[in-house]
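Subject: Structure handover

Hi,

Here is the structure I promised to pass on. Please have a look at it first, then read my notes below.

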Amino acid sequence: MGNEKIVVLMPLSGSILWETYGESFGYLQIPSSLKVPLNEVEVRKEWIAETERGVLYLQRECAE
C-alpha cells in the first residue's frame, strides 16, 4: 500500500523542481484560471506533504 501512485498535473517549472530538488507542486484537476500547459507526473501518495486550495505540495522522501 505504501507504493500507491497517483497522477499529478504539473507545469514545466514544477517538473523541473521535482526532478532537481524532489519538492514541487501540482494539481489533481486543471484549475480554470491556469493558462499554462501541464504535464502528467506519476507520484506516490505518501509524497503529498500538504494540500491547500486544490494545490498539492509534494516532497519526495530523502531515503530514495
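Residues 24 or more positions apart make up 60% of the contacts in the protein with a separation of 6 or more. Contact here means heavy atoms within 4.5 Å.

Two notes on reading it. This is a predicted model, in which local features need pLDDT of at least 70, side-chain atom pairs count only at pLDDT 80 or more, and totals for chains, interfaces and linings use all residues. Residues are numbered from 1 along each chain as its sequence is written, and side-chain values use heavy atoms, with hydrogens and water left out.

**The whole protein**

The protein has one helix and five strands. From the N terminus, the order is β-α-β-β-β-β. The radius of gyration (taken over C-alpha atoms) is 11 Å, close to the 11 Å from the globule rule for 64 residues, so the protein is as compact as a globular protein of that length. That rule is 2.2 Å times the number of residues to the power 0.38. The C-alpha trace spans about 35 × 25 × 20 Å along its principal axes.

Helices (H or I, at least four residues) and strands (E, at least two) are DSSP runs, numbered from the N terminus. Buried means under 20% relative accessible area, exposed over 50%, and partly exposed in between (1.4 Å probe, protein chains only). Buried residues are 28% of the 64.

Ser 24 lies in strand 2, residues 23–27. Its relative accessible area is 8%, so Ser 24 is buried. Its side chain reaches the backbone oxygen of Gly 14 at 2.7 Å. Beyond its neighbours within four places in sequence, Ser 24 touches several residues, including Met 10, Ser 15, Trp 18 and Tyr 57.

Ser 15 sits in helix 1, residues 12–21. Ser 15 counts as buried because its relative accessibility is 14%. With neighbours within four places set aside, its contacts are Met 10, Ser 24, Asn 39 and Val 41.

**Glu 50**

Where is Glu 50 found? It is in strand 4, residues 48–52. At 41% relative accessibility, Glu 50 is partly exposed. Setting aside neighbours within four places in sequence, Glu 50 is in contact with Val 55, Leu 56 and Tyr 57. Glu 40 is ten residues from Glu 50 in sequence, and their C-alpha atoms are 19 Å apart in space.

Best wishes

Notes
A polar contact is a pair of N or O atoms within 3.5 Å; within protein, one must be able to donate a hydrogen and the other to accept it, and residues adjacent in sequence count only if both atoms are side-chain atoms.
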